[in-house]
Amino acid sequence: MVSVTIDNITKRFDNVVALERVSLEVRKGEFFFLLGPSGCGKTTLLRILAGFYQPEGGRILFDGRDVTDVPPHKRNTGMVFQNYALWPHMTVWKNVEYGLSMRNVAPEERRHRVTQALEMVKMEGYVERSPNQLSGGQQQRVALARALVIEPDVVLMDEPLSNLDARLRLEMRQQLQELHQKLGVTMIYVTHDQREALAMGDRIAVMQMGRVAQVDHPRALYARPNNRFVADFIGEINLIGGEVTVADGEILSVSTSVGEIRGQASEDGLQKGDRVLCSMRPEALDFLRGEPSEGENVVSGQVRQVIYLGEVEQYIVELVDGTQVKMVEYDPMEQQAKVGDEVRLRFRPRRVVILPDEGRARAEAI
Ligand code: ATP
């Protein structure tokens with residue numbers, strides 16, 4: 001079990017800056033996620049950790065030891081790729097054994113470790129098969145066994161579940177999590193699927209255009225995103241722009257075109273007069289019925305769309321200024337409103353996060 005320090009890493013491909021001064025601290029035994037949209041640099045960072053790419057600047061440390069110039073086969077990392085990358089001409093057993101043969105592990109010890117690794121991923125019954133006689137999920141379990149059998153200091157995974165169907169993905173998520181808990185090995189996992197990251201990650205680094213946008217525990221990232229990109233990328237979000245009118249405590253007041261909204265600041269230092277975005281999750285909105293029509297965090301609008309999805313019902317409501325917000329009702333025993341209904345929505349100040357409105361400035365800077 002090792003800690004991994006990513007210290008100020010910069011990587012360029014010709015004119016493209018794939019990573020710009022990225023620093024992250026992955027703790028011993030952590031299940032750490034690199035999450036972001038296509039092209040944000042997450043695979044490049046994983047490849048630098050594995051030693052396949054050399055960065056132009058910065059260092060990689062394993063347990064404080066500088067490995068930036070150490071070649072891949074001497075880093076003791078196990079890799080799992082999206083496309084499994086098993087050797088087609090070798091049996092399951094041989095595929096898993098290969099890394100140990102390369103390391104000159106004695107035959108008796110090899111047998112023991114291959115058996116153990118295959119048991120871990122529940123593939124002990126398939127030792128004589130070749131990869132093309134296995135399903136995608138089975139192949140990925142063999143790839144996992146092959147990564148684990150060398151007893152790596154760090155397991156690096158690049159979208160390992162993205163070739164599997166939805167049901168298998170869920171099953172494998174659970175198995176990966178169990179395996180991580182059992183082995184306690186440091187794992188770094190690249191994905192663009194926020195659900196995967198939320199479901200399995202101890203912590204998640206959200207990446208945007210070669211930089212780290214935010215690092216935190218899943219719950220904190222979802223409930224307290226500290227910028228618009230993260231709020232938007234993780235889950236669904238409603239954003240209402242405005243200007244801070246009162247900023248003398250934990251809860252700020254914001255004047256918006258749909259009324260006064262109160263919420264929690266995403267960061268210290270927001271002041272009266274600042275342009276901000278009030279962000280709220282769809283589940284933080286409720287229909288307000290039969291109660292005073294005015295009050296804090298109450299907005300009016302008209303229902304534009306109702307989508308019934310079984311366990312949830314989604315409503316799109318157009319507010320008085322034309323902004324459309326999404327809300328959801330869980331366990332919808334009955335429909336709460338119809339298309340065309342005039343409704344009032346309410347949300348609690350603690351469920352509103354006030355973000356600095358730096359979206360445009362940030363995009364221009366990049
Ligand atoms: P995806 O989810 O699509 O794999 P990613 O977040 O993993 O995306 P990277 O593959 O790390 O993104 O790519 C980051 C940036 O670097 C992209 O703009 C990409 O086009 C560029 N890039 C990556 N590899 C190379 C390469 N070998 N040569 C040139 N440019 C590259």
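**Legends to close-up views of the predicted model**

View 1. The centres of domain 1 and domain 2, taken over C-alpha atoms, are separated by 38 Å. The model shown is predicted. Domain 1 covers residues 4-223, and domain 2 covers residues 236-365.

**View 2. The interface of domain 1 with domain 2.** On the side of domain 1, 4 residues are in contact with domain 2, where 4 residues take part in turn. The size of an interface is often expressed as the accessible area that is lost when the parts come together. Between them, domain 1 and domain 2 bury about 330 Å², and carbon and sulfur atoms account for 33% of this area. Of the area that domain 1 buries against domain 2, 91% is supplied by Q208, Y222 and A223, which is more than any other three residues supply.

**View 3. The shell of residues around the ligand.** The ligand is surrounded by 13 residues, of which S38, G39, K42, T43 and T44 are the closest. By residue class, the shell comprises 6 nonpolar, 5 polar and 2 charged residues.

View 4. The ligand taken alone exposes 630 Å², of which the protein buries 60%.

**View 5. Secondary-structure elements at the ligand.** Two or more residues of the shell around the ligand come from each of the elements β2 (16-26) and α1 (42-50). Helix α1 gives the most to this shell, with 3 residues.

How values were computed: Residues numbered from 1 in each chain as written. Predicted model: local features only at pLDDT ≥ 70, side-chain atom pairs only at ≥ 80, totals over all residues. Heavy atoms only, no water. Near = heavy atom within 4 Å. Areas by Shrake-Rupley, 256 points an atom, 1.4 Å probe, with all protein chains shown as cover. Helix = DSSP H or I, 4+ residues; strand = E, 2+ residues; numbered from the N terminus. Nonpolar A, V, L, I, M, F, W, Y, C, P; charged D, E, K, R; others polar. Domains from an automatic or database assignment. Contact = heavy atoms within 4.5 Å. Buried area = accessible area lost by both parts, 1.4 Å probe.
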